Amino acid sequence: MTVDARPPPLPDRLRGLLPGFLVAGLVALASQFVSEHYGAPAMLLALLFGIALNFLSEVDRIAPGIDFTARQVLRLGVALLGLRISFDMVADLGAPVVALVVGAMLATIAFGLLAARFFGFRYRFAFLSAGAVAICGASAAMAIAAILPRDERSEERLVFTVVGVTVLSTVAMVLYPVLSGLLAFDDRAAGIYIGATIHDVAQVVGAGFSVSDAAGETATLVKLLRVAMLAPIVVVAALVIRQRTAATAFAGKRPPLVPGFVLAFVALAALNSVAALPAPVTEAAAGASRWLLLASIAAVGLKTVPRDVLKAGRASMGLLAAETLFLATIVALALLAMG
């Protein structure tokens with residue numbers, strides 16, 4: 001009788017993924033270090049550092065772990081965002097503000113889908129870019145990319161969207177507090193405006209607290225409401241895409257009706273709403289989510305060839321800028337109308 005001395009398949013797979021995951025993790029650590037010392041956005045740095053080291057993705061031993069981090073680790077990071085959301089947070093804002101924020105988000109996505117035709121794009125880049133602008137920047141872009149049918153330009157679209165929304169968000173962080181002053185917004189209105197229009201959480205916090213503590217707290221709360229909308233928007237989009245896209249458009253088997261990471265997001269948000277979770281738990285989850293997303297975007301950069309990003313061209317940046325301007329304008333007009 002012979003005995004199979006081979007180790008179980010799972011440990012073998014984990015050992016195969018570890019080198020690539022560690023490379024992405026090191027890029028994330030370097031990005032965070034530089035961000036803390038020089039003030040640049042960590043997400044953007046992780047992406048750029050990853051692109052600079054993209055040759056590592058061609059190493060057979062490293063490639064599987066990089067691919068795993070760019071896809072599966074990303075989903076875990078998005079799911080953990082749910083612990084930052086609660087029903088009380090929505091109640092604190094009040095119905096008019098919630099209606100304004102949700103309406104502006106949906107209008108921006110609709111605008112992006114319509115405007116994309118004039119820029120020569122189809123629904124993939126239209127929804128990816130508009131969702132990133134409307135919801136929560138790079139995190140939303142990565143979550144939306146996870147449900148879109150994949151093709152040869154999927155990574156290129158994601159990379160360009162992350163770079164574009166991060167750059168525009170950084171510009172907005174400087175300009176929007178000034179614009180809030182010109183529009184004579186008080187601290188609460190300025191916080192609502194900043195939280196409802198700037199793409200990434202870090203830039204929202206920076207811009208809000210540059211106005212005042214009250215504006216910063218309001219801006220953060222409004223931004224988290226936008227993050228909370230990520231799950232329902234992704235669920236609806238996944239259902240629509242599933243109905244309208246042929247099975248052959250998906251790589252491999254057809255995806256589940258609702259992505260697992262979205263269900264996890266919703267479950268964790270519900271748990272955080274009905275149970276008084278200890279602050280250390282929610283803080284640890286928020287930190288873990290941030291690091292997982294940072295490693296994921298580093299892995300996306302590691303898989304990216306710079307010349308592919310340059311193919312996106314002026315039309316792509318034009319669409320992102322148009323969506324950003326649309327969101328900023330309708331929120332400003334709504335706040336002025338509300339007095």
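Buried means under 20% relative accessible area, exposed means over 50%, and partly exposed lies in between (1.4 Å probe, protein chains only). The model shown is predicted: local features need pLDDT of at least 70, side-chain atom pairs count only at pLDDT 80 or more, and totals for chains, interfaces and linings use all residues. Residues are numbered from 1 along each chain as its sequence is written, and side-chain values use heavy atoms, with hydrogens and water left out.

**Figure 1. The protein chain as a whole.** The chain's secondary structure comes to 16 helices and zero strands. Helices (H or I, at least four residues) and strands (E, at least two) are DSSP runs, numbered from the N terminus. Of the 339 residues in the chain, 49% count as buried. A contact is a pair with heavy atoms within 4.5 Å. Among contacts between residues at least 6 apart in sequence, 80% join residues at least 24 apart.

**Figure 2. Helix 6, residues 123–134.** This helix has twelve residues and reaches 16 Å from its first C-alpha to its last, close to the 16 Å expected at 1.5 Å a residue. The expected span is 1.5 Å times one less than the number of residues. Eleven of the twelve residues of helix 6 are buried, so the helix is largely enclosed by the rest of the structure. The buried residues are Arg124, Phe125, Ala126, Phe127, Leu128, Ser129, Ala130, Gly131, Ala132, Val133 and Ala134.

**Figure 3. Helix 6 against helix 8 (residues 154–182).** Their axes are 10 Å apart and meet at an angle of about 30°. Helix 6 is therefore roughly parallel to helix 8. On the helix 6 side, the contact is made by Arg124, Phe125, Leu128, Ser129, Ala132 and Val133. Helix 8 contributes Arg157, Leu158, Phe160, Thr161 and Val165. Axes are lines fitted to C-alpha atoms, for helices over the stretch in contact, and angles run from 0 to 180 degrees between N-to-C directions. Angles under 35 degrees count as roughly parallel, over 145 as roughly antiparallel, 65 to 115 as roughly perpendicular, and the rest as oblique. Val159 also lies in helix 8, and at 0% relative accessibility Val159 counts as buried.

**Figure 4. Helix 5 against helix 11 (residues 213–228).** These two helices pack at an angle of about 50°, with 10 Å between their axes. Helix 5 is therefore oblique to helix 11. Val97, Val98, Val101 and Met105 of helix 5 make the contact with Val222, Leu225 and Arg226 of helix 11.

**Figure 5. The largest nonpolar core.** A nonpolar core is a set of buried Ala, Val, Leu, Ile, Met, Phe, Trp, Tyr and Cys residues joined through side-chain atoms within 4.5 Å. The largest one has 97 residues, and those with the most contacts inside it are Ile85, Phe127, Ile135, Ile147, Tyr193, Leu230 and Ile297. Helix 5 (residues 95–119) supplies the largest share of this core, ten residues. Leaving out residues up to four places away in sequence, Leu230 touches Val78, Ile135, Cys136, Ala140 and Ala143.

Figure 6. Apart from neighbours within four places in sequence, Gln32 is in contact with Ala42, Arg290, Trp291 and Leu294. Ala184 is in the loop between helix 8 and helix 9 (187–197).
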